[in-house]
Amino acid sequence: MTTTTVSQQPKLSTRLPVADPATAVARARAHTSFGETVSQTLSMAWRALKKMRRNPEQFFDVTLQPLLFTAMFAYIFGGAISHVSGSAGVKAYLPLLIPGIVAQTVLTTCMSTGVQLREDLEKGVFDRFKSLPIARIAPLAGPMIADLVRYLIAAGLTFTTGVIIGYRPGGGAPGVLGSIALAIFTGWALAWIFTFIGTIARNARSVQGISMLILFPLTFLSNAFVPVSTLPSALADFVRVNPVSHLVSAARDLANNGVISGEVGWTLLAGVAVIVVFAPLSVYSYKRHI
Amino acid sequence: MTTPSVSAVGLVKTFGEFRAVDGIDLEVRQGEIFGVLGPNGAGKTTMLKMLATLLPIDAGQAFIFGVDVAREPHRVRQLVGVTGQYASVDEDLTATENLWLFGRLLGLRSADARATARDLLAQFDLEEAASKPISQFSGGMRRRLDLAASLISRPPLIFLDEPTTGLDPRTRGQMWDTIRGLVADGCTIMLTTQYLDEADQLADRIAVIDHGRKVAEGTPDELKTSVGNSTLQVQLAGTADQDLAWQVVRRVVGREPIFTPESGGLNVPLDTADAAADVLIGLRQAGVTITSVSVAKPTLDEVFLTLTGHDTGDPYQSDETVRDEPYLEVR
């Protein structure tokens, strides 16, 4: 691009050449290339990361929730379950619980993706993003890339808390890392649902409301906290098809046994399906907003 | 003949029942400052947003340097810079970070984006604030940064939406100088404004917009001549003399005065200030008593009153009369 010209003399640097209209028209291309789209998405991710660093309170949910929920669920439900089933106390519940908490915290993190996008869309700077010749997916996908950091913190902290209160993952470090990676992927995939909601809802508050309605059945009607066998049959059927259940099962197999089971495949498939449906919907809805 | 920077035919934008832009034709030549003048809610911003691909065009066609806005928005975005009414920069980033980010998004390499940011900050006198977060910027600094951000790719056409609304007079003057500098560099500028003096100072040609329609177009001089160069404001002692006063004014200056019923006065457009004396003598001879008198330069209100038959303060007051009148072309 000609715009990269930098004048040698500081005094004259105020006069950069204006593009000649005819040349500019000839040079203007109809679409962004794949490489440009990636680069633009990464630039938007950089922006989101900067903002995260400047507003550290955004990390409250991904730090406090794993700490609190892990301890709370372990001692409240763990005690009750071991009492009923007569197993060896809280520790016996942890291998079941920890992967469940990982899935839950990652999902909650997804929700804030949508809420923050909605807040962001109302800011003046989005007018500029819209006016720039950039891929329409970049402003949506950028913050989601940055959110990978949040998923990592959430999943990592949950396992750490678990280990502190006595969880000993049988799959060892590779198993734990594998399940963290899987949770991050699923979180990123499901975040497209919430990004879509972010582009259609009227304001951040309604994004939150709608997201809760989706989030609660997904997390609690899964095998995250209780064995499926204890559920009534109608509920159990939903729990078995819920993608979160697949994530939880896959994460358990990985972290507890070091086994890559068929559940990993189902989780990946479900994630890809969500992206294929909701990424184009989000971009379409964002374009319509313009 | 060179391709016009902007050419639009029959532009329409509706929001539900409301026709925000109601069939506007425009042609902006290369290298000129084109002013779009109108009160709040006239449809200026909506029109600009359509031309800048920020709003879909409901009907009509628009071309930027011959490129169809509706069909090839991505190409149009490579030809224009847009500076909105509200600073479109990121509040959480510093000035340098903002410009660097926009540079990167426009395809500059990191080092080039940094150099361009530095140059632009110097050009807009923002060097000292380069690493401050925008939240600490004054209104004028935000506008300058916003304009700087629109210049990163050195686009040949720049849209400015009310570039000086809310600025103090000194900052306003600086902004005008900057805009003139851009044109000297070879840019075409299309700006919207609510202020006649701003359009007068800057614009080569002006389109007056009201209720989503173009009510007049011409050079600042042509527009001002159409309302008279100045206005004599006369306060009558009683309403009984109104008809008589009307006849006197008509005879003396050959124009019809405009009554302002709420204040019991009348406004007389004048070609020269001298004519004010003639009108006053005429009124005295006819026996019309007046309580106060003043001579004012034409304001946007008067341009509006003359062109549309209603004032800018209450744009929906005389909706019907405006629609029915064939619009006035000042050439």
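Predicted model: local features only at pLDDT ≥ 70, side-chain atom pairs only at ≥ 80, totals over all residues.
Chain B itself is split into domain 1 (6-223) and domain 2 (229-297). Here's the tour, starting with the helices and moving on to the sheets.

**Helix 3 and helix 4 of chain B**

- On the helix 3 side of chain B, the contact uses B:Ala95, B:Thr96, B:Leu99, B:Trp100, B:Gly103 and B:Arg104.
- Helix 4 of chain B answers with residues including B:Ser110, B:Ala113, B:Arg114 and B:Leu121.
- Sorted by class, the contact of helix 3 with helix 4 of chain B has 7 nonpolar, 4 polar and 2 charged residues.

**Helix 3 and helix 5 of chain B**

- Helix 3 of chain B also meets helix 5 (residues 139-150) of chain B; their axes come within 10 Å and cross at roughly 20°.
- That angle makes helix 3 of chain B roughly parallel to helix 5 of chain B.
- Helix 3 of chain B passes helix 5 of chain B in a right-handed crossing.
- B:Ala95, B:Asn98, B:Leu99 and B:Phe102 in helix 3 of chain B meet B:Leu145, B:Ala148 and B:Ala149 in helix 5 of chain B.
- What's the make-up of this contact between helix 3 and helix 5 of chain B? There are 6 nonpolar residues and 1 polar, with no charged ones.

**Where chain B meets chain A**

- Chain B puts 45 residues into the contact, and chain A puts in 36.
- Three helices of chain B each supply at least two residues to the side that touches chain A: helix 2 (73-77), helix 3 (95-105) and helix 4 (110-123).
- Which of them gives the most to that side of chain B? Helix 4 of chain B does, with 6 residues.
- By class, the side of chain B that touches chain A has 23 nonpolar, 11 polar and 11 charged residues.
- Helix 2 (residues 34-54) of chain A packs against helix 3 of chain B at about 160°, with the axes 9 Å apart.
- A:Gln40, A:Ser43, A:Arg47 and A:Lys50 in helix 2 of chain A meet B:Glu97, B:Leu101, B:Arg104 and B:Leu105 in helix 3 of chain B.
- The contact of helix 2 of chain A with helix 3 of chain B counts 4 charged residues, 2 polar and 2 nonpolar.

**The 6-strand sheet of chain B**

- In chain B, 6 strands make an open sheet in the order 6-7-8-3-9-10, with mixed pairing.
- Strand 6 (80-83) and strand 10 (213-218) of chain B are the edge strands, each pairing on one side only.
- Neighbouring strands of this sheet are turned by 15° against each other on average, direction ignored.
- Strand 3 (residues 33-37) and strand 8 (residues 188-193) of chain B run parallel and are joined by 5 bridges.
- Within that pairing, B:Leu37 stands opposite B:Thr193 in strand 8 of chain B.
- Helix 1 (residues 44-51) of chain B lies across strand 3, strand 7 (157-161), strand 8 and strand 9 (205-210) of chain B, at about 150° to strand 7.
- Helix 6 (residues 169-184) of chain B packs on the sheet too, touching strand 3, strand 7 and strand 8 of chain B; its direction makes about 155° with that of strand 8.

**The 4-strand sheet of chain B**

- Another open sheet of chain B has 4 strands in the order 12-13-11-14, with antiparallel pairing.
- Its edge strands are strand 12 (258-260) and strand 14 (290-296) of chain B.
- From one strand to the next, the twist averages 20°.
- Strand 11 (residues 230-236) and strand 14 of chain B pair in the antiparallel sense over 6 bridges.
- The bridge partner of B:Leu232 in strand 14 of chain B is B:Val295.
- Helix 9 (residues 242-253) of chain B packs on this sheet, touching strand 11, strand 12 and strand 13 (265-270) of chain B; its direction makes about 5° with that of strand 13.

**The two domains of chain B**

- The centres of domain 1 and domain 2 of chain B, taken over C-alpha atoms, are separated by 41 Å.

How values were computed
Residues numbered from 1 in each chain as written. Chains lettered and ligands numbered in written order. Contact = placed C-beta atoms within 7 Å. Nonpolar A, V, L, I, M, F, W, Y, C, P; charged D, E, K, R; others polar. Axes fitted to C-alpha atoms, helices over the stretch in contact; angles between N-to-C directions. Pairing = 2+ DSSP bridges. Domains from an automatic or database assignment. Parallel < 35°, antiparallel > 145°, perpendicular 65-115°, else oblique. Left-handed = near helix turned anticlockwise from the far one by under 90°.
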